[in-house]
Amino acid sequence: MPAVTTAIRLSGVSKKFNGIPAVDGLTLAIPTGSIYGFIGPNGSGKTTTLRMIMHLLLPDEGQIEVLGSAQTVAARDRVSYLPEERGLYKKMAVRRLLRYYGRLKGRSLAELDPAIDEWLARLGMDGWGERKIDTLSKGMTQKVQFVAAVVSKPDLLILDEPFSGLDPVNAEALKDSVLEIRRRGTTVVFSTHDMATAEKMCDRIFMIFRGRKVLDGTLQEIQAQYGFDTIRLRTAAGAPILDGMAGVESVNDYGQLQEVRVSGDPQQFLQQLAARTAVHHFEITRPSLHDIFVRIARPTEA
Amino acid sequence: MKNKALIVAVSEFTTLVQSKAFLIGLLMMPVFMGVAMGVQRFTRDSTDIKDRPFVVVDRSGALLGPLQAAADAWNRASEGAGTRTQPRFLPSAGSFEAGDEQARAALSDRVKRDEIYAFVEIPADVLNPDTTSSISYYSNHPGYRVLPSWIEATANREILNQRFRSASIDRAVVNRLTQRVEVSQLGLIAREAGGGIRAATKVDRVRTTAIPLGMMMILLFSVMSSAPQLLNSVIEEKMSRISEVLIGSITPYELMMGKLLGSAAVSVLLAMIYVSGGVFMANRYGYGDAIRATDLAWLFLFLSMSVMMFGSIFITIGAACTDLKDAQGMMTPAMLLLMLPWLTWFSIINAPESPMSIALSLFPTATPFLMLMRIAIPPGPPVWQIALGVVLTTITAIGFVYAAGKIFRTGLLMQGKAATFGEMWKWVRAD
């Protein structure tokens with residue numbers, strides 16, 4: 001089989017629910033072997049897109065190709081999906097569940113058992129195979145979900161909000177596992193609301209808003225669209241000093257730090273600021289992904 | 001490619017046989033029957049033995065003596081083996097005029113104070129064959145029938161004796177002449193291979209009632225113990241989004257068929273356990289030959305059909321609902337269909353060839369249960385009725401599985417609200 005350089009290709013894909021468009025004319029190409037982040041506000045169409053890729057929903061218009069096949073069903077055994085939060089039988093023991101999901105992906109027990117042992121050990125769950133799912137903590141449950149998705153050694157792994165609700169230690173373990181599975185050649189697509197994670201982990205980021213693609217590219221490509229229009233500063237007076245200052249278009253207050261967009265010359269703004277308070281930090285930079293996200297999504301959320 | 005439906009079936013089977021519901025199902029029938037037998041024995045052995053003193057106002061002057069004598073005999077008989085099994089009847093004489101309401105009220109007060117249990121007024125003309133009066137029995141225990149029935153039987157026996165005597169007719173002769181002749185219900189005389197004739201045997205209620213009913217109950221309990229579990233299983237998968245993971249690996253139709261196969265396997269296992277128990281008991285009580293291999297073959301065939309039918313129905317309900325509360329409303333018609341054989345078996349046992357029995361046993365969801373009963377009651381229904389029942393049930397089962405597949409495919413991933421019957425019909429008709 002020839003190597004496929006595009007793991008997922010969406011061409012003009014649209015989906016409506018009760019006449020309301022959830023995804024509207026979406027075109028997207030996800031390169032093989034990449035980590036691709038889906039971001040977007042709640043209800044923007046992320047999960048609908050992931051579900052169409054998984055063939056859980058059929059598009060009203062457009063075409064979806066997964067691992068080189070337009071019949072996404074054909075690639076089923078090579079694709080794993082982790083829905084947000086749930087997706088596990090509460091009363092089933094961990095090993096039995098992992099074997100069951102793995103076997104449904106066409107793997108034999110001889111292939112599965114070593115993979116289960118390896119992933120449980122990697123995620124600090126040695127000896128947890130006989131525990132029932134409903135006795136596990138939320139973090140542990142999420143790790144079992146992840147193992148369930150990867151034991152079948154998929155070529156494409158789709159994760160819906162894999163890091164939500166995890167403590168930093170578990171989030172770190174899961175992040176390392178995602179990177180590990182990418183190293184083994186798996187293409188990873190995940191949706192997230194954590195912009196810092198998307199910035200740090202993703203080769204490419206795709207943002208969907210009101211069913212339409214609004215961002216698609218590497219972090220650098222996305223930030224380049226906005227230029228150096230952000231000033232990150234820390235002052236003795238904090239955010240209140242910025243009230244009523246000339247040229248200030250928006251202020252994002254993080255408490256100890258403010259991100260400011262100004263019209264006009266940043267040097268002039270610095271002089272103006274220094275005349276009012278002691279400036280500890282002043283940095284002209286590109287906007288963060290978080291800032292870009294908020295700029296796109298805020299008008300509707302207001 | 002490995003058969004994924006089979007993987008689902010094995011998982012469903014393992015989950016179901018490890019569940020409490022299976023254990024309950026396994027014990028349900030023996031416990032149910034044991035309790036029924038126990039209650040019967042208890043009610044037989046634990047009769048009310050409280051003394052029943054009562055006052056007899058005998059205006060005929062002819063019945064008090066015989067009643068007292070009969071009561072003595074009853075009381076002696078009730079203490080036969082040293083343990084009393086019946087209450088003692090203790091009649092005593094009373095007297096007041098027929099129009100004396102005060103006297104009646106006084107006796108009523110004694111009943112209320114539990115000094116006596118009841119009082120009886122026997123009219124003066126009770127021995128007159130043309131009388132229209134009746135014996136009056138007063139008590140504040142209208143539900144207790146033993147004493148008034150005994151008084152009625154004893155008084156009437158004595159009244160008849162005295163009337164016959166007055167007419168100079170010997171009661172013993174009358175009894176002999178009016179002796180009833182019993183109809184003995186027999187099977188047919190059989191011709192043996194060597195040309196001999198085997199005498200007809202008396203119809204045995206165990207063979208004609210208990211065994212057909214037992215087979216129907218095995219079938220019913222086996223289906224009831226597994227098919228409704230499919231509803232819980234589908235709803236759990238929907239609510240926990242497990243269905244999304246599964247549909248990422250397997251087609252909805254394979255998933256549904258796997259569930260049906262798993263459920264059928266559980267039913268078959270249960271039925272085999274019940275049948276083994278039944279055969280053991282039948283052999284123990286000398287009825288081993290009454291359970292025919294062909295009847296058992298029918299039982300397992302009908303079992304498979306009913307699991308497919310009812311399993312599809314419960315899967316459909318699970319897929320159409322988002323939680324168990326939603327499912328309750330839709331469950332009612334399904335449970336009624338499942339309970340139909342239980343509600344109608346009595347008329348089938350009594351008249352297996354009646355038009356009503358034939359019609360009920362050809363109603364597809366009831367056929368597996370009721371046709372099985374009719375087959376097990378000798379001589380069984382005509383072949384055309386069995387064939388028609390099997391064909392109709394098979395068509396219905398296929399139709400249900402087909403419709404369930406369509407509804408399951410769409411409903412499984414639907415969240416938020418339960419589907420209406422109209423929506424489900426639309427899904428069935430969709431390509």
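**Interface of chains A and B**

I looked up the contacts between the two chains first. In this predicted model, 23 residues of chain A touch 23 residues of chain B. I then took the buried area of the pair, which comes to about 2,200 Å². Carbon and sulfur atoms account for 53% of that area.

Next I searched the interface for charge pairs. The rule returns two salt bridges across the interface of chain A and chain B. I noted the bridge that joins A:R51 to B:E244, with N and O 2.1 Å apart.

**Chain A as a whole**

I listed the secondary structure of chain A and found nine helices and 13 strands. The C-alpha trace of chain A extends over about 70 × 45 × 40 Å along its principal axes.

I checked burial and found that 51% of the 302 residues in chain A are buried.

For charge, I counted 38 positive and 35 negative side chains in chain A. The centres of these two sets are 5 Å apart.

**A:D291**

I looked up where A:D291 sits, and it is in helix 9 of chain A, which covers residues 289-301. Is A:D291 buried or exposed? Its relative accessibility is 9%, and the cut-off for buried is under 20%, so A:D291 counts as buried.

I then asked which residues A:D291 contacts once neighbours within four places in sequence are set aside. The contacts are A:T230, A:N252 and A:E259.

**Salt bridges**

Side chains of opposite charge can pair when their charged atoms come close. I ran the search over all chains, and the whole structure gives 37 salt bridges. I went through some individual entries.

In chain A, A:K175 and A:D176 form a salt bridge with their closest N and O atoms 3.5 Å apart. A:K175 has a relative accessible area of 24% and is therefore partly exposed. A:D176 is partly exposed as well, at 36% relative accessibility.

I next took B:D51 and B:R88 in chain B, whose side chains meet in a salt bridge with an N to O distance of 2.9 Å. This pair links distant parts of the chain, the two residues being 37 residues apart. B:D51 is in the loop between helix 2 (20-45) and strand 1 (52-58) of chain B. B:R88 is in the loop between helix 3 (64-78) and strand 2 (89-93) of chain B. I checked accessibility for both: B:D51 is partly exposed at 26%, and B:R88 is partly exposed at 27%.

B:E192 counts as partly exposed at 38% relative accessibility. B:R198 is also partly exposed, with a relative accessible area of 48%.

Finally I looked for linked bridges. Which residues of chain A are linked in a network of salt bridges? I found A:E118, A:R122, A:E180, A:R183 and A:R184 in one such network.

Methods:
Residues are numbered from 1 along each chain as its sequence is written. Chains are lettered from A and ligands numbered from 1 in the order in which they are written. This is a predicted model: local features need pLDDT of at least 70, side-chain atom pairs count only at pLDDT 80 or more; totals for chains, interfaces and linings use all residues. Side-chain values use heavy atoms; hydrogens and water are left out. Helices (H or I, at least four residues) and strands (E, at least two) are DSSP runs, numbered from the N terminus. Buried means under 20% relative accessible area, exposed over 50%, partly exposed in between (1.4 Å probe, protein chains only). Lys and Arg count as positive and Asp and Glu as negative; His and the chain ends are not counted. The place of a charge is taken as NZ of Lys, CZ of Arg, CG of Asp or CD of Glu. Contact means heavy atoms within 4.5 Å. Buried area is the accessible area (1.4 Å probe) that two parts lose on being put together, summed over both. A salt bridge is a side-chain nitrogen of Lys or Arg within 4 Å of a carboxyl oxygen of Asp or Glu.
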